[in-house]
Amino acid sequence: MDSSERYCYKPTLQWNPQVQDYLVKAYGAQHFSRISKALTYPSCYTCIRVNTLKSTSDDVIDKLRELISERMTPVPDDLVEDVNDPATVELQSGIVSKCQVPGLDYVLFFKGSGPHSIDYDACTSDKPLKEVIVSRKCAEAVLRGAQVYVPGVLACSANVEKGDKVAVSVAIEQLRPDGGWAVGITRGIVVQGSEADPQFIERRGLYIGEGTAALSRAGMFRVNEGVAVDMHNRVFKLPSLHGVLEGEIFLQNLPSIISAHALDPQPGERIIDMCAAPGGKTTAIALLMKDRGEVVATDRSHNKVRNIQKLAAEMGLSCINAYKLDALKACRRCVSDDKPVLYSSDDLPVQTSELLRLTMEASLAILDVKSNGDEKHHENESDGNTNHGVYTSKASLRKSIRKMKNGPGRNQSIGGRVENSKGFPPDSFDRVLLDAPCSALGLRPRLFAGEETLESLRHNAEYQRRMFDQAVQLVRPGGVIVYSTCTINPGENEGLVRYALDTYNFLSLTPQSPKLGGPGIVGKCDHPDGHTEEWLRPGEEDLVQRFDPSSPLDTIGFFIAKFAVGPKVSGLQANISNLETANANLEQ
Ligand SMILES: C[S@@+](CC[C@H](N)C(=O)[O-])C[C@H]1O[C@@H](n2cnc3c(N)ncnc32)[C@H](O)[C@@H]1O
């Protein structure tokens, strides 16, 4: 075997066999195989969203070009090789272009290249190849342009010293005789670097580039942090823009930007991004609203909510209010706290819907009638769970209304604490984005997919439906829900759309703009356990956007559905009357 074959990058993505069968049924064998291969490569460009509040595309292009030339001159000795590399020259001449889609000229593409074949032997012809083996997560980051950091190092040749050139490969889970997956390399082992090496087969086709050891072998396993290998020759050459023009630009996948456009947010509206961290789509939405109105950004993780706040502050966006909230409890019909309040003042809407405003005014009127002003917590006994009728004090309501006008936590994005939200009233948002947590089977580069089973995929779909139920309650009639995922699993995409349309007869799929993705999948899948998963019906496929990682657009796998919300009351009444009919039929 020659060295180009031995030290190449040709990974084969490993799937759980049942999941693979299921995806082959959905896509057809050839298409699935193309997708599976594309997933192992990063996109060949970095997508940049310009913060139009702070800069323009032309300014950012100029600054990036300047930065690149600054970084290249004077040319440090160890970069001489890079400057002669065609990919580096290409970057140097400034392959940064504006997106040509109307309305998206604030999106820039920074071109990269790959896969390149690397002649590892040429650099070490007089001595045996020195190697470093890294973890899968580390390799996925390196393929996107990162360095090899110490925690990512799994194994190393015996004689590696600081400054040595090393070939970097990745250890990936292998199927074991018991049917489980395991990485065959124990942290700290010595890489033999010969075909006698028991792990040699496992890293064939998994070499991701060459770098200079920043530490000796001993150092790599002694310290806990820092760069272990400075990568200078990679199979994919993508610009590393980490920390560059902070606040002015945001690195974001193209489909994510499109999902914010699909929501079509308007200045002055009140919008909720239910699973918002780290805030990529939240900030994209806020910019499309010209920072006017309110974007409520919620996530269940406290630290992640902080990150949303930091990002909003960094981008200079003040219309974002971020809260810690479980999306499964995002809608609160009424509150049954010890202290009787009508919705916590923390989460009262800034641009509240007309409906809620009328409700508030009506409550004030009721209180005016109650001349003694006593506060009474009245529970509606017909529904002990959620539907509590709540009275509150006039002062408390007035305070709440004042807060409605001023906006809750309006300045929280400049470093305030993370507030917990108890949920929001029904119909209180003009638009809802549910960018749901998912199996992430569209993210690239991905070097292993065997962790997902049919059960875990189905569990995700159930979780997403429960979140979607909350989204339906939060949006006002006449509003919009956008549902998106970064997975290629139809059960979490078209399956959710089927659930939505079959469950809520006041929802309809509505066209999206811009439309860059392909059609959705029509049909169904009969699972071996008898469960049938239904996807789209004919005529629905062109109303969703499906981004295919194997398509020329070269994006991550992504899915977007946009629902128009009709009058809910009649829809609910229709559901209730359906239930009543069903009950009556049962009783007969
Ligand atoms: C796909 S990511 C969202 C990415 C984000 N929309 C963006 O564009 O930057 C999903 C997020 O959902 C959050 N999440 C998962 N379960 C949740 C729940 N029950 N309630 C709220 N957030 C949840 C995760 O913490 C994660 O940040």
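Begin with the largest nonpolar core, which has 141 residues; select Val134, Met274, Ile285, Val432, Leu434, Ala471 and Ile481, the ones that touch the most other members. Such a core joins buried Ala, Val, Leu, Ile, Met, Phe, Trp, Tyr and Cys residues through C-beta atoms within 7 Å. Buried means that 20 or more other C-beta atoms, placed from the backbone, lie within 10 Å of a residue's own. Now colour helix H15 (residues 454-474), which supplies the largest share of this core, seven residues. Helices here are DSSP runs of H or I with at least four residues, and strands are E runs of at least two, numbered from the N terminus. Domain 1 (116-235) and domain 2 (253-331 + 419-585) both contribute residues, so the core lies between them; the bounds come from an automatic or database domain assignment.

A word on the model: it is predicted, with local features needing pLDDT of at least 70 and side-chain atom pairs pLDDT 80 or more, while totals for chains, interfaces and linings use all residues. Numbering runs from 1 along each chain as its sequence is written.

Next, select helix H10 (residues 254-263): ten of its ten residues are buried, so the helix is largely enclosed by the rest of the structure. Just after H10, aspartate 264 has a positive phi of about 55°.

Finally, go to Cys486, listed by UniProt as "active site" in an unreviewed entry; such annotations may be inferred rather than shown by experiment. Cysteine 486 sits in the loop between strand S19 (475-485) and helix H16 (494-503), and is buried, with 25 other C-beta atoms within 10 Å.

Key. Buried ≥ 20, exposed ≤ 12 C-beta atoms within 10 Å, placed from the backbone.
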